[in-house]
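Me: I would like a close look at a single part of this protein. Please take me through it step by step.

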Amino acid sequence: MERRTIGATALAVGAVGLGCMPMSWAYSTSRQRGEDSLRAVHRALDLGSTLLDTADMYGPFTNELLLGRVLKERRADAFVSTKVGLLVGDQHIVANGRPGYVRRACDASLRRLQTDVIDLYQLHRADPEVPVEETWGAMADLVRAGKVRALGLCAVGARSARRPGARLHDTTIRQLERVQQVFPVSAVQAELSVWSPEAVEALLPWCGARGVGFLAAMPLGNGFLTGTLTPGEGFEADDLRARHPRFTAEMMAANQPIVVGLRRVARRHGEDVTPAQVALAWVLSLGGQVVPVPGAKRERWVAENAGAAELRLTETDLAEIAALPAAQGSWD
């Protein structure tokens with residue numbers, strides 16, 4: 001697989017990463033199988049999808065434990081990315097950016113992942129009660145201690161960023177400007193897909209101008225862009241899509257023209273090419289510092305996603321995708 005670099009330190013990863021969250025968090029628990037997930041991770045590494053993206057809050061903790069079982073055998077094959085800064089309660093999630101907590105959380109992640117170094121340590125969310133510079137400074141100390149190789153920042157969610165006259169990523173860019181004064185940012189992770197392209201406006205250019213890598217989260221629109229979801233089929237109660245306005249039966253039906261357009265482009269490239277691969281190829285076309293991180297928990301989907309790295313969209317394809325209707329429905 002093509003290799004891409006993240007940050008000024010040129011950390012090399014496969015062009016398509018693997019988002020590990022669906023294996024143990026946020027999606028239908030009845031479909032989560034530990035052994036299937038382990039096989040999926042091994043398959044990703046075999047195919048060159050070396051970036052494994054997780055977080056201590058996924059599970060919580062169980063996702064890192066699962067990856068640790070693979071890393072114990074194949075640490076040299078993997079690029080490990082995990083996150084800190086969010087605590088999961090029974091009915092809520094809260095931020096914790098206190099330096100002492102960050103240090104303890106890193107040590108705990110290292111134990112669960114069965115490794116002595118984290119390649120990319122990302123701040124999941126800034127703590128509103130702690131200056132972000134203090135949190136970032138504690139993370140920088142972990143780099144100096146040899147426990148972490150590079151630092152990344154996850155974009156602030158849509159709800160937190162919205163205010164009159166503000167663009168979606170204004171808050172994230174302000175945070176980036178602040179932490180960059182403390183220690184270099186190697187990567188930014190934010191949602192970016194055909195149906196959520198807002199990062200292209202300001203956040204992606206900010207990264208490109210500074211040599212900062214961009215990890216495209218949810219590049220398949222939480223599964224919608226794969227064309228495998230049926231409007232009205234519904235989701236299990238613990239599935240995050242059961243509560244998202246874009247995944248009501250009405251909005252899924254209204255947004256089907258986007259999937260139809262991706263499928264039309266796919267057919268031009270061969271019978272085996274899928275809408276999901278076209279969606280990922282579109283993300284890859286946005287720049288050499290962009291690495292899509294699609295979530296998957298089955299070998300089949302991991303292999304399909306990895307295959308997108310070989311797909312080259314033409315100018316006609318890109319123009320057709322650009323002309324697709326904007327997604328309908330709120331994403332807040």
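Is Trp-195 buried or exposed, and what is its relative accessible area? Please go on from there to the rings around it.

Reply: The model is a predicted one. In it, Trp-195 has a relative accessible area of 2%, and the limit for buried is under 20%, so Trp-195 is buried.

Now to the rings. A pair of aromatic rings is described by two values, the distance of the centres and the angle of the planes. Trp-195 pairs with Phe-224: the centres are 4.6 Å apart and the planes are at 5°, which is a stacked arrangement. Trp-195 belongs to the loop between β10 and α7, while Phe-224 belongs to the loop between β11 and α8, so this pair ties together parts 29 residues apart in sequence. Phe-224 is also buried, at 1% relative accessibility.

Phe-247 is buried, as Phe-224 is.

Taken together, the ring pairs join Trp-195, Phe-224 and Phe-247 into a cluster.

Definitions and conventions: Residues numbered from 1 in each chain as written. Predicted model: local features only at pLDDT ≥ 70, side-chain atom pairs only at ≥ 80, totals over all residues. Heavy atoms only, no water. Phe/Tyr/Trp six-rings, centres within 6.5 Å; stacked < 30°, edge-to-face > 60°. Helix = DSSP H or I, 4+ residues; strand = E, 2+ residues; numbered from the N terminus. Buried < 20%, exposed > 50% of the residue type's maximum accessible area, 1.4 Å probe, protein only.
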